[in-house]
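Try each task before you read its solution.

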Amino acid sequence: MAGAAAAGGIGDKVDWRLAAPLGLTYLAFFAAPFAILLGISFYADAEQTRLGLDSWTKFYGDAFYLKVILDTLKLGVFAVTATTLLAYPLALLFRAVGPRAQRVLIFIILMPLLTSVVIRTFAWIVILAREGVVNQTLLALGITAAPLNLLQTELGLVIALTQIEMPLMLLPLLTVMNQMDQNLVDASRALGASKWRTFFRVILPLTLPGWVAGATLVFASATTAFISQSVIGGARLVYLPALIWQQSMVVYNWPFAAVASLTLLFTVLAGIMALGWLGRFARTG
Amino acid sequence: MTVTTRREFLAGAAALGFASALPSRASAAGSLTAAIYPGTWEEAYRGVLAPALKKSADIDVAFDSLFAVDQVAKVRAARGVPPFDCFVLDPGPAASAMQAGLFEPIDASKLTNATKVPAGLITSHAVTCNAQVVGIAYNPKKFATPPKSWADLFKSPYVERLGLTGFQTTFGTVSIIEMAKVFGGSETNVEPVFAELKKAVEKAAAVAAPAAMPGLFQQGQIDVMYTNTNTVATLKGRGVSIEFVQPETGAITFQTTLHIVKGADNVASAYKYMDMAISAEVQSALQKQPYNMIPINKDVQLVETLDIKSVDELTKMVTHDWTKINPQRAAWIERFNKEITK
């Protein structure tokens, strides 16, 4: 969004016809179904016979569903936090090493993207299970006496999502990190700033646009990661995507599913907008 | 010497491509698209039924792999333009699809194998293709004595190793109903079991999606679950230590049925497809490893790996009326969501 606005300022005249193919496709295959979705949400009953706000009031009047929204947002925030904490050190390392090592690192970072999300998720079951790699190691080392329960917990899900979503955070961050002027970092150090001060006052503000892009991608895909949430999270952790699937496919309550879908859309959008606002704030401040 | 331009070459290549594609389509007497459950069912129908149908009636089958609930949702969403010709459904989704008017009526006289099937298995809108038997599965290496009843699942040492799943599948729903009966409930009253579930869930090894259960069992995350004989035989075939137990109050049985989708394009082929599915040839192949499906054709000699002795045994098992269950299921699912979550 911010990129499009910037491009508009550079050229004298924008040829909107260039956007026509994608624009029309979006209109036909996104805007129209979206209107239908919105329409369905205003049916009061599962059989779609009468109009009313019942589905909306049922969803927003129930503490359980409000908690589902909150849990979904929380999962997104956790995934962004964890990927950020792991991605920044790696990005700094990437910047410091030579081109050959960079190519190896890029390959390692991209590798998870080359396998299907289903495979990656099932791999995590093998790793986190009671008799999985983590527990076997902990037991063998005598760190724990009984196997830890990692599957079907929020912690296990965040661990798995962190690995699964990591490339989405790293790729934009690496690009920005590589474009950053080394002279600014050197100047900061030469003027007596400590390594930490340089990081927080120079590197972090300069790389923030890359982080915002990465955080947006991680947030959006972690909150909507249906497969990982249902397979690793299990039935005790209910998030919006699983709720939508259940209401539309098993219960056939499409109005209620529509309300949940729109809620997911708007909460994710709100999260993205908050990140965008953060990015703008950083550049002007 | 003739010079071939790039354009002519491409046209020729395209024509060749078409020519090679044509004969295979033109020679088939018919074709259809059938929905099929992902996993064992898809392997079975792709590997056994499709070649048999091609050989006997020269019909090509394309499969659309979808769970029962997804099939019904897809046909409902298509609003009169069916995405496939044939359903394969469990009783719950079949009852709701029937109610929504998504089936064409069945004319049993068009099925040559209709007489080989016990009475009642071919109805006005459904052709039963296999039976499923649901009970308790456990890991014999982890317990000295096997669990005997549904109530045992809520007691130590079984509850600590139990994998729980809710009402979103047919086997999950009927299993929980049977547990409710043990604690004083009935087919329409699962109230008593919720109190027990609430206690059990704190101790249980896992509460997970139904599709994740076999994987969790294989990984040793759980050692007791409620499931069908089909899954038990498949896991056993993969070397997993697992045994099936019929609970004291009886194992549960329900039928998997084939239906013609309302407004289907290939009705004649769909009849041939269903007829082949209930034939002795296909049914006896599908009861073996790795498919393990319980046959309903009376001519089929049952193999040992199935955990049941005869087709007649099925008639003594517990069955359920889904027209009574379906209206309550949404509320049960919601309740399970709310009370079992953390």
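## Exercise 1: A tryptophan in chain A

A:Trp211 counts as buried because it has 25 C-beta neighbours inside 10 Å. The cut-offs are these: a residue is buried with 20 or more other C-beta atoms within 10 Å of its own, exposed with 12 or fewer, and partly exposed in between, the C-beta atoms being placed from the backbone. This is a predicted model, in which local features need pLDDT of at least 70 and side-chain atom pairs count only at pLDDT 80 or more, while totals for chains, interfaces and linings use all residues. Residues are numbered from 1 along each chain as its sequence is written, and chains are lettered from A and ligands numbered from 1 in the order in which they are written.

**Task.** Find the place of A:Trp211 and the residues that it touches.

**Solution.** 
- Step 1: A:Trp211 sits in helix α10 (residues 195–223) of chain A. Helices (H or I, at least four residues) and strands (E, at least two) are DSSP runs, numbered from the N terminus.
- Step 2: Leaving aside residues up to four places away in sequence, A:Trp211 touches A:Thr84 and A:Leu173. Contact here requires C-beta atoms, placed from the backbone, within 7 Å.
- Step 3: A:Leu171 is 40 residues from A:Trp211 along the chain, and their C-alpha atoms are separated by 9.6 Å.

## Exercise 2: A strand in chain B

**Task.** Decide whether the faces of β7(B) are covered or open, and find which strand pairs with β7(B).

**Solution.** 
- Step 1: Strand β7 (residues 224–228) of chain B has 5 of its 5 residues buried.
- Step 2: Both faces are covered, with B:Val224, B:Tyr226 and B:Asn228 on one side and B:Met225 and B:Thr227 on the other.
- Step 3: Strand β4 (residues 127–138) of chain B pairs with β7(B) in the antiparallel sense over 5 bridges; pairing requires at least two bridges found by DSSP.
- Step 4: Within this strand, B:Asn228 is the bridge partner of B:Val134.

## Exercise 3: Where the chains meet

**Task.** How many residues of each chain are in contact, and which element of chain A gives the most?

**Solution.** 
- Step 1: The contact joins 23 residues of chain A with 23 residues of chain B.
- Step 2: On the chain A side, α6 (117–128), α11 (226–233) and α12 (240–250) are the elements that give two or more residues.
- Step 3: Of these, α12(A) gives the most, with 4 residues.

Key. Contact = placed C-beta atoms within 7 Å.
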